[in-house]
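Welcome! Open your viewer, and let's take a short walk through this structure together.

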Amino acid sequence: MDSQHDDTPRHFITEIIDGEIASGRWGDPGDASVVRTRFPPEPNGFLHVGHAKAICVSFGLAERYGGACNLRFDDTNPEKEEDAYVRAIIEDVRWLGFAWPGMADPSAGGDPAAGVLFASDYFGRMYELARGLVEKGLAYVDEQSPEEIRAQRGTLKGPGTGSPFRDRPASESLALLEKMKSGGVEDGSMVLRAKIDMASPNMNLRDPVMYRVVRAAHHRTGSEWSIYPMYDWAHGLEDSIEGITHSLCTLEFEHHRPLYDWFIEAINRDNPEPIHHSRQIEFARLNPSYIITSKRKLKQLVDGGVVDGWDDPRMPTLSGLRRRGFTPEAIRGFCDGVGVTKFNAVHDIGLLENAARNDLNRRAPRRMCVLDPVRVVIENWGEHGEADRVEMMTGINNPEDEAAGTREIPFGGVLYVERDDYMDDAPKKWFRLTEGREVRLRYGYWITCREAVKENGELVELRCTYDPLTRGGDSPPADAEGRVRKVKGTLHWVAKAGAVGCRVRLIDRLFTAERPGKRTDEFMDDLNPEAMRLLEGCRLEPNWRTTGGERDAGTGVWSDGIERFQFERQGYFCVDACGAVDGVPVFNRTVPLRDSWSKSKGK
């Protein structure tokens, strides 16, 4: 078999597909391009990182075999669905780097939703197929209440009880079904049920509901329909209509597969024109630690004002991770790394954070930003020229990428360094600033702290001297006796001349527990109060932003339009989607330079 991407990870699903291609199950033996998959989100919220694995599996397999993957919305629940969610999901899938048939380029004036499919596209066809099952005696209209139907389903240890309407004539069910469709009955007063087996050990086969009455406006079809299909009825039919070969689902749908197959087989029974029968395959979902992946719970956070919307950078949504600065490559790498198996497991969110570090370390340009600045005055700066002179130092944009080039950084007689880079009465192994100790300023000079100035016990200024022979941070020449002075501490800094004021959000994990809510059954009990800390008055080097055309290795503007950087000694940051507040740029921390969580947990 000539697959398109033989270097992509292999797993049990690729083994299944390889065998089916070789046997010609879906067409000519050996033709891999027949593979058709789909990603079918429900537009009732934003996608989260757990969905990323499903996206990567379905779209990734289509890419591997040179087939196609449809983006199709399962919009069968009008009371919870919105067009805003549709637009957000389209953007997320596109941002991850995947394409569906008919996709257009919005930057070239194309419709972002071009080629996108919807379950609502098939409502008419689904309804006619449901009528066919009624005519065959394989479905009936039930007038019991939802509570009565639920009580009659039985238990895992005992069979259910048949509805008193189970054997009503097909003509009567057809008339009632039409009445349901036209809006002539109240919500919840009738449902259409499949007639299967009330004694089946699989609860899903105990006469499942196919349609319910919901007289609510739909985000696409308006008030055209008063009945809407249940997921199990719609799912297989959507796949069939689109000619999907492999319907890839997570493991919770494994017990639904017999129903998926039963519906298609029931439609095809004595049918001279049988419909396409896709194959459903289940795999383990992504289940990251320190995260919730329930859209219902995420919506609670949004609606309750705990976060500032679905794209809040603390949120595990794809839009939140994007706003926080994660790259599509990091998320895809994380999903590939956890693998595709049949076994549920908890996945360490630290793996995603490390994937971001590895990607950003290779590609992010470096900048210097002082988050908690204290003023440094170099007392002897005027001894070798004008006291207000500014010298330009050369900084490396990315030591991992020579093509990233360099930038110019101003250095003057007044600087800012981090407040916690100074300590009174520092121990011997303290390699940063204290009175009488010398340190290297990266790309700058070596300085020695002479005095710490305090007001009301608070540090307000450090008075230092510099060695003019250490320009660029280089070691000074040996003295007359051949002795070489050494320092172990290297600090980042920003000159007052040209310094850019900025706000920085230190984003951390939204929850403090690996499994939020496990301890108390209330996930909000484990919210991290330090998940976002806003720092005001930070100081950034003036040449942090480069302008120009296409992104190159030295600029912070990435292909998705987000500006990402490494702030030296601090971590990886991006410009927030808001850009600036009152003209002051706002940055979000993507991840620290190192994994502080594992260290704090003793891992």
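Begin by selecting strand 8 and strand 9 (residues 279-283), which pair in the parallel sense over five bridges. Two strands count as paired if DSSP finds at least two bridges between them, and strands (E, at least two residues) and helices (H or I, at least four) are DSSP runs numbered from the N terminus. This is a predicted model, where local features need pLDDT of at least 70, side-chain atom pairs count only at pLDDT 80 or more, and totals for chains, interfaces and linings use all residues. Residues are numbered from 1 along each chain as its sequence is written, and side-chain values use heavy atoms, leaving out hydrogens and water.

Now click on His246: its bridge partner in strand 9 is Arg279.

Stay with strand 8 (residues 246-250). Because five of its five residues are buried, the strand is largely enclosed by the rest of the structure; buried means under 20% relative accessible area (1.4 Å probe, protein chains only). His246, Leu248 and Thr250 point one way, while Ser247 and Cys249 point the other way.

Strand 8, helix 8 and strand 9 make a right-handed β-α-β unit: with the strands pointing away from you, the path from the first strand over the helix to the second runs clockwise.

For the last stop, select helix 10 (318-324) and helix 12 (349-363), each of which supplies at least two residues to the lining of the largest cavity. Helix 12 gives the most, with three residues.

How values were computed
Buried < 20%, exposed > 50% of the residue type's maximum accessible area, 1.4 Å probe, protein only.
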